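Please consult the sequence and the structure shown below alongside the text.

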Amino acid sequence: MRLIFTSLLYACALLHARAQELCDLEPFLERSVDGLPPCKTCFFPTYPHINNINVSDYKPMDMSHQWFFFHGDSTLRQYWGEFFSFIHKTQAMGYAELKHHSRHECPDQPRNPYVPPPYDGTPCYLNEKTCSTFYNDTGMGKAINITYDWKHLIYEDYDRWLYNGWMKEKSGPDILFVSPGLHDCYHDPDQFEHHARNLRHLVEHLARLPQTVVYVDMNPTTWGANKRKTLKCVFYVNAAGHALAKEFGMLMFSRQTMIVSGDQKAEDGTFPMHQADEIVATEIRYMLAWLGCILEHRRAGTLTA
Ligand SMILES: *[C@@H]1O[C@H](CO)[C@@H](O)[C@H](O)[C@H]1NC(C)=O
Ligand SMILES: *[C@@H]1O[C@H](CO)[C@@H](O)[C@H](O)[C@H]1NC(C)=O
Ligand SMILES: *[C@@H]1O[C@H](CO)[C@@H](O)[C@H](O)[C@H]1NC(C)=O
């Protein structure tokens, strides 16, 4: 009896010690204002609150032998670009350079090209590329692969083909960043309910993947194709993403929260499609601090829903 009691005490002390070693997740947790339970796997970074988070308190993730995959449109392509500067400890390419690089130097995706409708000639098919880079030695670990893969709409044939292939072959990246991207709201802002339904199908598919999935919501953009307003659509679909993250326990980083709370508008008072590179770099800095910490908690089993 005494022995059992002592071992129990010992086990508790061990658990306690382990809990103490974990990073502090508290500063990243959602402040739920409406009495609803918060999303424990989401990060909704607001200014000025994040100014109180000292990212140097969070030790950088060791990314050795990991494959990072960025699946999204040009707005997530910016994430991919700024991610390099953190991994590689060099200056990332700017937005224009990245766009040029991915369009001209990366191989085509195996897919049927997007055909724009007659009323909207945006040549989005120029982006249908996959860019992969291997880094043997970086500031954040050894033997790291980073891929950027174009994703046009919220849930496409190409997504199903890609994700099903990984599931079937037990292959694919370790960490998958996915963004629904802007294009559904950009081309068809009035169809926001349809887009939100498609997002549920995407998240259901993502939830079945063995990879660690990080969902990055749509960045707010005021104008869509043919000068139609898109913000209502973006906010509606992002709210659906928030609810789905809670439902599925999905890791979610909200660009919307950060951009809107920072009032990051262009000079004409509208939200631009592409935020300035240094704003994206700030987002990545907080995103990586949160991600390293939440993955630490997930491994320790302290992230119970
Ligand atoms: C941020 O954290 C680092 C490392 O823990 C510490 O050296 C530094 O003083 C902190 N900065 C502030 C402003 O608290
Ligand atoms: C990175 O890619 C190379 C080439 O495709 C592959 O041999 C290697 O196993 C990959 N490493 C990781 C960590 O995925
Ligand atoms: C990566 O670095 C290791 C030593 O750290 C070396 O043995 C290996 O050949 C390198 N691989 C490539 C593809 O450069």
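The axes of helix 2 (residues 74–88) and helix 9 (residues 277–300) come within 9 Å of each other and cross at roughly 70°. The model is predicted: local features require pLDDT of at least 70, side-chain atom pairs count only at pLDDT 80 or more, and totals for chains, interfaces and linings use all residues. Residues are numbered from 1 along each chain as its sequence is written, while chains are lettered from A and ligands numbered from 1 in the order in which they are written.

**Helix 2 and helix 9**

- Helix 2 and helix 9 are therefore roughly perpendicular to each other (65 to 115 degrees; under 35 counts as roughly parallel, over 145 as roughly antiparallel, and the rest as oblique).
- Axes are lines fitted to C-alpha atoms, for helices over the stretch in contact, with angles from 0 to 180 degrees between N-to-C directions; helices (H or I, at least four residues) and strands (E, at least two) are DSSP runs numbered from the N terminus.
- The crossing of helix 2 and helix 9 is right-handed, that is, the near helix is turned clockwise from the far one by less than a right angle.
- Gln78, Tyr79, Glu82, Phe83, Ser85 and Phe86 of helix 2 make the contact with Asp277, Val280, Ala281, Ile284 and Leu288 of helix 9 (C-beta atoms, placed from the backbone, within 7 Å).
- By class, this contact of helix 2 with helix 9 has seven nonpolar, two polar and two charged residues (Ala, Val, Leu, Ile, Met, Phe, Trp, Tyr, Cys and Pro count as nonpolar, Asp, Glu, Lys and Arg as charged, and the others, Gly among them, as polar).

**Helix 6 and helix 7**

- Helix 6 (residues 192–207) and helix 7 (residues 231–248) have axes that come within 9 Å and cross at roughly 30°.
- That angle makes helix 6 roughly parallel to helix 7.
- The crossing of helix 6 and helix 7 is right-handed.
- The contact of helix 6 with helix 7 has 11 nonpolar, two polar and two charged residues.

- Seven strands form an open sheet of mixed pairing, in the order 1-7-6-5-2-4-3 (two strands pair if DSSP finds at least two bridges between them).
- Strand 1 (42–43) and strand 3 (130–138) stand at the edges with a single partner strand each, so one side of each has no neighbour in the sheet.
- Strand 6 (residues 212–216) pairs with strand 7 (residues 251–253) in the parallel sense over three bridges.
- Valine 214 has leucine 251 in strand 7 as its bridge partner.

**Ligand 2**

- His65, Gln66, Trp67, Phe134, Ala143 and Asn145 surround ligand 2 (C-beta atom, placed from the backbone, within 6 Å).
- The shell around ligand 2 divides into three nonpolar, three polar and no charged residues.

How values were computed. Contact = placed C-beta atoms within 7 Å.
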